[in-house]
Amino acid sequence: MRYVKNMLSQSALLAVSIFMVATTSLAAEPWAWKATLDGAGSGQAIVMPTALYVDAERQRYYVVDSGGNRLLSFSREGTFLLAFTAEGKLQIPYDMVRESADVIWVVERGRNSLTSINIKAKEVVTHIIKDGERVLVPDRLDYKNGIFYVLDKESGQIALLGSDLALQKWLACPECTSGFVDFKLTNAGIWALDQLDKKVVQFDAEGKLIKQFDVGQQVEFPVSLAIGPADNVYVLDRHAADIDVFDPQGNFKYSFLAKGWSRGELYFPIEIVFDPWGGLCVVEEGNGRVEVFGR
Amino acid sequence: MLRYYRIFVISWLAIVFPLAAAAETVCFTCHKKEAFSGKVVHQPLVKGQCGSCHNPHVAHFKGLLEQEGSALCFSCHEKEEQAFKQGMVHQPVRSGQCLACHVPHASSRNGLIKDQLSETCFGCHTKLLPKFQYTHNPYAQGQCYSCHLPHQSVFGQLLKDEPDKVCLSCHNSQDLQKGHVNYPGTLRDCLSCHNPHGSSRPGIVRDVLHAPFAQGCKECHDKGEIQGSTRSCLRCHEAVATGMLARHSHLTGKGENKCVACHSPHAGNEKNLLKGSQLQVCRGCHSDTIARYENKLYRHPKAKEGSCIDCHEVHGSNRIAMLRGDGNAICSRCHETQGKFTHPVGEKVVDVRTGQMVTCVTCHLPMGSDFKYELIYSGSKDLCIQCHKRY
């Protein structure tokens with residue numbers, strides 16, 4: 001009788017273990033490839049894309065084709081729509097936002113400029129951003145409620161600029177010895193990523209530091225971050241070519257994706273962005289495309 | 001349950017202790033015991049536990065060892081296994097080559113270190129001069145451990161502490177201050193001017209002086225707002241400024257002045273005033289890349305010798321990985337014929353997986369690979385079918 005009892009309890013234990021292993025492996029690969037945004041539709045491959053801007057209102061993806069000096073638009077379904085070159089005037093575009101129906105802003109590496117483009121008026125205006133005498137080196141860019149958020153590559157700090165491009169405030173990580181390489185705006189504030197210290201930092205909407213945590217145990221060379229629907233923090237590792245996921249307190253949850261050239265694989269990824277439709281978009285500089293993953 | 005446990009313990013004692021005791025007599029009937037004696041003897045050997053490392057009958061590894069490299073050592077030294085994964089890790093430790101510095105049985109030195117300590121270090125660090133015109137005393141005496149840790153450290157160059165603190169652990173700060181009469185501000189950053197091993201200048205000041213430094217401190221330290229900033233360097237080094245505004249650049253890193261992440265503004269051991277060897281400087285930020293490729297079976301000679309700048313720009317580049325040219329141009333500088341025949345490459349040849357131009361680095365990974373010719377996949381089939389699916 002005792003033997004039977006033992007056997008039953010062992011079987012139950014085995015069943016639970018199998019269930020746990022199965023659910024863990026499912027949790028480890030929750031994302032599947034959904035779409036690819038590439039240059040095929042435009043007749044010209046995208047060369048070193050560096051950023052993706054998602055226009056929720058117009059349901060559009062905009063891919064910054066940094067090597068091709070173009071901005072490519074795609075529908076929400078991933079269909080290529082248009083290639084925009086500002087009549088050949090763009091010089092190494094790096095990031096972009098859309099301020100209104102007619103006006104877009106582009107970080108141009110080639111001119112070290114935050115360039116405004118009025119599509120309707122066909123007007124391209126370069127703006128060199130300064131803090132006193134010091135010229136900023138714009139890197140990542142976002143826009144919300146009339147404020148431009150510009151990551152200054154030289155200082156690794158985020159500059160908040162008014163609509164007149166006057167500097168209002170700097171956001172910096174007081175305990176970081178390095179500087180930020182990426183940031184994302186959320187309803188709760190601003191999340192930023194420190195590359196060399198391998199640290200994620202959260203500010204509230206007023207720019208006050210709320211919390212920070214290290215990701216160095218998991219991440220080798222962080223280059224971008226995104227905040228998921230459950231406030232989980234997704235960190236893109238450029239060299240490991242994967243994404244590491246942390247809960248909002250900084251506890252590691254799982255990694256997914258791997259280095260490669262085929263569909264669903266990453267090569268020199270440079271940015272991750274969540275779209276408003278539940279997709280996780282990865283800009284791959286090495287493979288010249290943006291891959292969209294869904295659950 | 002208790003009964004099974006009791007049987008297990010008795011069986012274990014019966015097996016282990018007679019064998020351990022037997023090792024004293026059995027192994028040394030053939031192996032001369034004198035060859036395993038010394039001032040310091042490895043504990044398992046003292047206890048006659050040859051079987052803790054060796055299998056007397058058959059084993060997968062040379063020397064009838066139960067495991068290979070550090071895996072064997074860490075089977076007992078568990079704490080070290082964890083500790084040696086933290087921070088900057090010495091290359092032999094990363095590669096699991098404990099025997100690069102230690103001997104397994106007996107030594108005349110503590111920690112079962114091989115030979116004279118400095119000879120052990122110089123055995124690998126062959127580019128280090130054994131002597132300088134002016135040599136730092138601990139270096140001259142072969143006391144590498146005065147400043148460096150042998151396994152790992154949270155500080156660069158495996159230093160025991162922050163560089164200035166290492167210096168102050170021997171040198172009195174007040175005496176130092178007296179020796180630097182015109183120093184602008186608080187004395188700090190000793191290695192910016194001094195070579196901690198030695199140099200051809202008195203005071204072990206580094207051999208090559210930055211021109212403004214040679215003229216005095218005021219050239220840079222009296223310029224008000226631009227003092228110490230990246231811009232203060234770019235005033236003279238204008239060509240570098242262009243690179244810094246490329247798509248990818250090293251306009252990043254710690255501190256207000258990005259240039260001093262790699263260069264000393266005062267003095268260096270060579271004309272570029274780098275803060276160490278090229279590999280040391282690059283490793284400061286790219287330790288993950290170096291660790292990933294250093295143990296690969298096949299590596300490009302330049303990668304192997306740590307000459308990063310042969311292929312990569314150091315300040316900025318519009319290409320991925322800050323390469324000096326595209327994936328063809330950079331290779332065909334040396335591999336002249338490879339750009340002209342063999343597999344088609346170039347703008348008209350498209351990688352069907354990505355739509356990108358096929359280049360040398362589509363198939364090769366010069367940084368290092370486990371496949372011959374530094375191929376990304378095995379050249380026998382796996383590589384080709386990436387694109388040529390029908391084959």
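**Exercise 1. Count the salt bridges between chain B and chain A, and describe one of them.**

Solution. 
Step 1. In this predicted model, the count between chain B and chain A is two salt bridges.
Step 2. Take one pair: B:Arg292 and A:Glu220. Their closest N and O atoms lie 2.0 Å apart.
Step 3. Apply the cut-off. A salt bridge needs the nitrogen within 4 Å of the carboxyl oxygen. The pair B:Arg292 and A:Glu220 is listed as a salt bridge.

**Exercise 2. Which elements of chain B each supply at least two residues of the side that touches chain A?**

Solution. 
Step 1. Start with the polar contacts. Eleven residue pairs between chain B and chain A are in polar contact.
Step 2. Name the elements. They are α12 (230-234), β8 (248-249) and α14 (278-293) of chain B.
Step 3. Find the largest share. α14(B) gives it, with six residues.
Step 4. Sort the touching side of chain B by class. Ten residues are nonpolar, 13 are polar and eight are charged.

**Exercise 3. How many residues are in contact, and what area is buried between chain B and chain A?**

Solution. 
Step 1. Count the residues. 31 from chain B are in contact with 37 from chain A.
Step 2. Read the area. About 2,900 Å² is buried between the two chains.
Step 3. Carbon and sulfur atoms give 51% of it.

Conventions:
Residues numbered from 1 in each chain as written. Chains lettered and ligands numbered in written order. Predicted model: local features only at pLDDT ≥ 70, side-chain atom pairs only at ≥ 80, totals over all residues. Heavy atoms only, no water. Contact = heavy atoms within 4.5 Å. Buried area = accessible area lost by both parts, 1.4 Å probe. Salt bridge = Lys/Arg side-chain N within 4 Å of Asp/Glu carboxyl O. Polar contact = N/O pair within 3.5 Å; in protein donor to acceptor, adjacent residues only side chain to side chain. Helix = DSSP H or I, 4+ residues; strand = E, 2+ residues; numbered from the N terminus. Nonpolar A, V, L, I, M, F, W, Y, C, P; charged D, E, K, R; others polar.
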